[in-house]
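Hi everyone, thanks for coming.

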Amino acid sequence: MEDKKQLVGTPVSRVDGILKVTGKADYSTDHPVKDAAHAVIFKSTIAAGSIKRIDTAAAEKAPGVLAVITHENMPKLNTRGGIRGGAMLQGPEVTFYGQHIGLVVAETFEQARHAAHLVKVEYDPKNARVDFEKLASEAKVPKDKKDEKRGDVKAALADATHKVEEVYATPIEHHHALEPHATIAEWQGENVILYNSAQIVNGAQNAAASTLGLKPEQVRIVSPYLGGGFGSKGGQWANLVLTAVAAKMVKRPVKLALTRQQMFNSVGLRQRNFQKLSLAATPDGQLTALAHETTTHAAMQDEFVEPCGDCSKLMYEVPNSLISYRVVPMHLILPTYTRGPGKSTGSFALESAVDELAYKLNMDPIELRIKNEPERDPSNGKPWSSRTTVQCLREGAKAFGWEKRQAKPGENRQGNYLVGYGVACGTYPANQRPSSALVKLHRAGNDVTATVELAAADLGTGTYTILAQTAADALGVPLNKITVRIGDSDFPSAAGSVGSVGATSYANSVQDACVKLTDELMAKSGKQFFVRPTAAQLMVSEKINDHQTRVDSKASEKAEEYSSHSFNANFAEVWVDTSTGTVRVARFLAATGAGKILNPKTARSQILGGVTWGIGMALTEESIVDPRWGNFVTRSLAEYHVPVNLDIGQLEVLFIREEDTISNKLGVKGIGEVGIVGVAGAVANAVFNATGKRVRELPITPDKLL
Amino acid sequence: MRPFQYTRAQDVPTALKRREANPNAQFLAGGTNLLDLMKEDVERPDELIDISRLSLSQIKTIASGPNAGGVSIGGLGKNTDAANHPLVRQNYPLLSQAILAGASGQLRNMATNGGNLLQRTRCPYFYDVSMPCNKRAPGTGCGALEGINRMHAIFGWSEQCVAVYPSDMAVALAALDAVVKVQGAEGPERAIPFADFHRLPESTPEKDTNLNAGELITALELPKNQFAAHSYYLKVRDRASYAFALVSVAVGLELNKNRITRARIALGGVAHKPWRAYRAEELLVGKEATEVHFVAAAAAEMAEAKPLAHNGFKVELGRRSIVRALHMALNEGKS
């Protein structure tokens, strides 16, 4: 009756795959809510100042319009309730271009969109602070990021025979999940149901409740599927609460989906960074100093600084180190977590500098990295729960054919192309966050079925599948007899699908619940067992019809004594067109050590996604602000270039076998974030190897290689 | 998007009459650009006359007239069909390549040949109704002239407008000396030489073409030529597919042994219309098809470029791309 084969660690196809390819998976605004009205947001066309007059008369009279909501009739909300980025119509002030200034609610989407065009706004504009190049010199120490110093970097740099001191620039990037931010709000008396894409279901619940002045139990978040998020759905933005308020005002359910154009300035972004990297080394390649100084921007009222120096804290053994940040407030939307926050951009700077140093030392860049491999985490002195950098480099190099690389740049010419190889490493913390799970067993004859419930989120990466696998193994119930129910705040609270903690936190809680449930059934039976039976066997042998249990899991205290991280090494082969400067990534290999791989198929897909975005970061993605007015001139996916199939060559994914049960019981480390870390650096280093040109400003577009 | 009336035309005369009756109406063919512009509130027609079902999609050999022996392509045929038709692939592979270099498979399945010629610039200041733009709202100024203009013109721009014309297909049509056949409500069909079809911005950037109000593109005529053996469309862009050209080059050569007897070069992504490189063409005719002559011709053409603050790279990129495209044409598409 049960499948004896272990499912965890095998490439099980997505259990929700059929639902998705047949269109039956309900994303936020797909939920069949009756009698829903439609809302369309309209936005400011200045970056700084205030609204002098807003004329909504024509919009209110337009066909089908139920309400026009602006700061003049918007109820007061708690602006410190956890909704990010302001823009909740709390006053006439405008602090960035494209700030929400109102919304129209109408019978149909088309009517609401039409009426939104009829609103006339007069402004009192102020000088906008939007030119980062000019404002960077005004940047100050952020509130929560003091300088971290070890030893004397200045002296070590002054003494060094070999050093690199360069500034690496990265542009504003957007998340642009396939599913835009979208919400349906439906009030039931004093309670509200919010169908809304959320990476942290309980986080969205708490932020909505606090902002709307409700108790958390009055707010239910329903988010069974997400069409991607990449950090932009980790925190929640104004669209969530505006929909709730609109539904209350028109006394009907309301649907609101942001347009692709609105996604550019509604839900955060990856900040522009200037990163100064200083490295010093002895002639034989021992690092003596590492300084990583980041200058960036935040919003006028709020600060968010992505931690670009994180990789630099712990990748290499170095006695003298400085990690610092400087931030300047600007009239732009608040930056936020964006895939591999800080690490993807930071590793581009660090790993480019390491490559530059290797070139100056005339050393193989892999050997330089291995020579400076730290025994313990240099940032806190803790031992590693496990560290796979050297294996990633060695096994990756072998699989990639690194030995074919020509050390001297510009030597490998193939027809009209120059070919180059590049390597770069990455890392991301592996953490288990508190998460609860409820497991229910039901028996009908000899047939046992299981339901697993927790308020987890599936970004589209396979949460349903790995939890079904985990429960199947832990209960002895076949995969097709397991129902995983997630994405609902009515379920036991769970960590979020953010910061690579999802799989670890969810799977450990489900595992713990299954073990506890089996223990309870054994106790209930009153029998002694020589071989531990499965829960499914006990249900049948003891003729139990229903049994359920819930656990609250968290990281072990022992885990706190160690430094736990996923690691990778990335290898790129690029072909650069010598006439046009066009770069093609012909081959890319990512070698990743991320603990136990619960499902090699979905895990591989996550790495493919990370590498693809990393290649986009390296070659194509950039959002540009007009320094006169603060608007993005990149306003659609025609100008904001995410990579397309033709940009992506042959991708290879290699997982390093790793047992790390110190980190957590299941030994899972998380792969969502680390997949993008180091990718841009590998591509940039390959471009240098191909051409001899070092591009320190992403993306590496053809004009930079002419 | 503003409310509008939808009318479906059953035949060409009715469509033209309907259009003449309402100056605020527009023809709807594939809709791949027009509907986007309406959603963005850039275009505000109060009536769409759907012409997509009119029988103007045939591709055939021209039997008589000045272009006899050439090929006629229906104005309402789909881009995909034009790119893949045997008459086009055999006789005008340059056109096939250029069409396939544009947009995406889905868009080419919808977009029509006439509509492709009439697509508007992708200048972000044109698309964003809160920005100044003389093309969208005459008299408001040019947002790009002193703004972000990496994608903009290096030839033929004016203080009023520095936008570039986005079509790839049209660049090949310019090189192939195509003729645009148009029909208005009154009078006979007229023929517009391709070089005269699109306009430079001058002081009236709101006018993209020399099509009169209410005229419909019925067909594109390709005169017979011998470029098929030596032609190439090179498109340089920020990503490998589905991106507008930084610079593109359409080249057709006729050779006697290795001597160039006839040359056609047109550039995309550099001006308000497909930019015929007449200077380079003249320099090449009568010369041996060699690197030194290619380089000289490309340099002469690009010497007249007037780049803006952010697009200086297009001059060097254009020079290199012309040379590369000439080599590719010479070597039958092999680098």
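So, chain A is split into domain 1, made of 339-431 plus 560-705, and domain 2, which is 432-554. One thing to keep in mind the whole way through: this is a predicted model. The C-alpha centres of those two domains of chain A sit 36 Å apart. Where they touch, domain 1 of chain A puts in 18 residues and domain 2 of chain A puts in 16 residues. What sort of residues does domain 1 of chain A use on the side that touches domain 2? Seven are nonpolar, eight are polar and three are charged.

Let's go into domain 2 of chain A, residues 432-554. Look for an open sheet of four strands in chain A, in the order β23-β22-β21-β24, where the pairing is mixed. Its edges are β23 (482-485) and β24 (546-553) of chain A, and each of those pairs on one side only. Going from one strand to the next, the twist averages 15 degrees.

Now zoom in on two neighbours there. Strand β21 of chain A, residues 435-444, runs antiparallel to strand β22 of chain A, residues 447-453, and seven bridges join them.

Okay, over to a pair of helices. Helix α9 of chain A covers residues 343-361, and helix α17 of chain A covers residues 679-691. They pack at an angle of about 35 degrees, with axes 8 Å apart. Is the crossing right-handed or left-handed? As α9(A) passes α17(A), the crossing is right-handed.

Who meets whom? On the α9(A) side you'll find A:S344, A:S347, A:F348, A:E351, A:S352 and A:D355, and on the α17(A) side A:A680, A:G681, A:A684, A:N685 and A:F688. Sorted by class, this contact of α9(A) with α17(A) has four nonpolar, five polar and two charged residues.

The peptide bond from A:L698 to A:P699 is cis, with omega near -5 degrees. For some background, most peptide bonds are trans, and most residues other than glycine have a negative phi. You'll find A:F230 in the loop between β12 (219-222) and β13 (236-237) of chain A.

UniProt, in an unreviewed entry, gives residues 22-127 of chain A the feature "domain: Aldehyde oxidase/xanthine dehydrogenase a/b hammerhead". That span is 13% helix and 35% strand, and its end C-alpha atoms lie 51 Å apart.

There's an open sheet of three strands to see in chain A too, ordered β5-β2-β7, with antiparallel pairing. The edge strands are β5 (93-94) and β7 (120-125) of chain A, each pairing on one side only. Strand β2 of chain A, residues 49-55, pairs with β7(A) in the antiparallel sense over six bridges. Another pair to click on: A:R53 stands opposite A:E122 in β7(A).

Now bring in the second chain. How many residues of chain A are in contact with chain B? The count is 29 residues of chain A, in contact with 27 residues of chain B. The element that gives the most to chain A's side is helix α3 of chain A, residues 109-117, with four residues. By class, the side of chain A that touches chain B has eight nonpolar, 12 polar and nine charged residues.

Last stop, chain B itself. The UniProt annotation "domain: FAD-binding PCMH-type", from an unreviewed entry, covers residues 1-227 of chain B. Over that stretch, chain B is 28% helix and 15% strand, with the end C-alpha atoms 44 Å apart. The domain assignment for chain B gives domain 1 as 5-50 and domain 2 as 227-330. Their C-alpha centres lie 36 Å apart.

How values were computed
Residues are numbered from 1 along each chain as its sequence is written. Chains are lettered from A and ligands numbered from 1 in the order in which they are written. This is a predicted model: local features need pLDDT of at least 70, side-chain atom pairs count only at pLDDT 80 or more; totals for chains, interfaces and linings use all residues. UniProt positions are given in the numbering used here, feature names are shortened, and annotations may be inferred rather than shown by experiment. Helices (H or I, at least four residues) and strands (E, at least two) are DSSP runs, numbered from the N terminus. Two strands pair if DSSP finds at least two bridges between them. Axes are lines fitted to C-alpha atoms, for helices over the stretch in contact, and angles run from 0 to 180 degrees between N-to-C directions. A crossing is left-handed if the near helix is turned anticlockwise from the far one by less than a right angle, and right-handed if clockwise. Two residues are in contact if their C-beta atoms, placed from the backbone, lie within 7 Å. Ala, Val, Leu, Ile, Met, Phe, Trp, Tyr, Cys and Pro count as nonpolar, Asp, Glu, Lys and Arg as charged, and the others, Gly among them, as polar. Domain bounds come from an automatic or database domain assignment.
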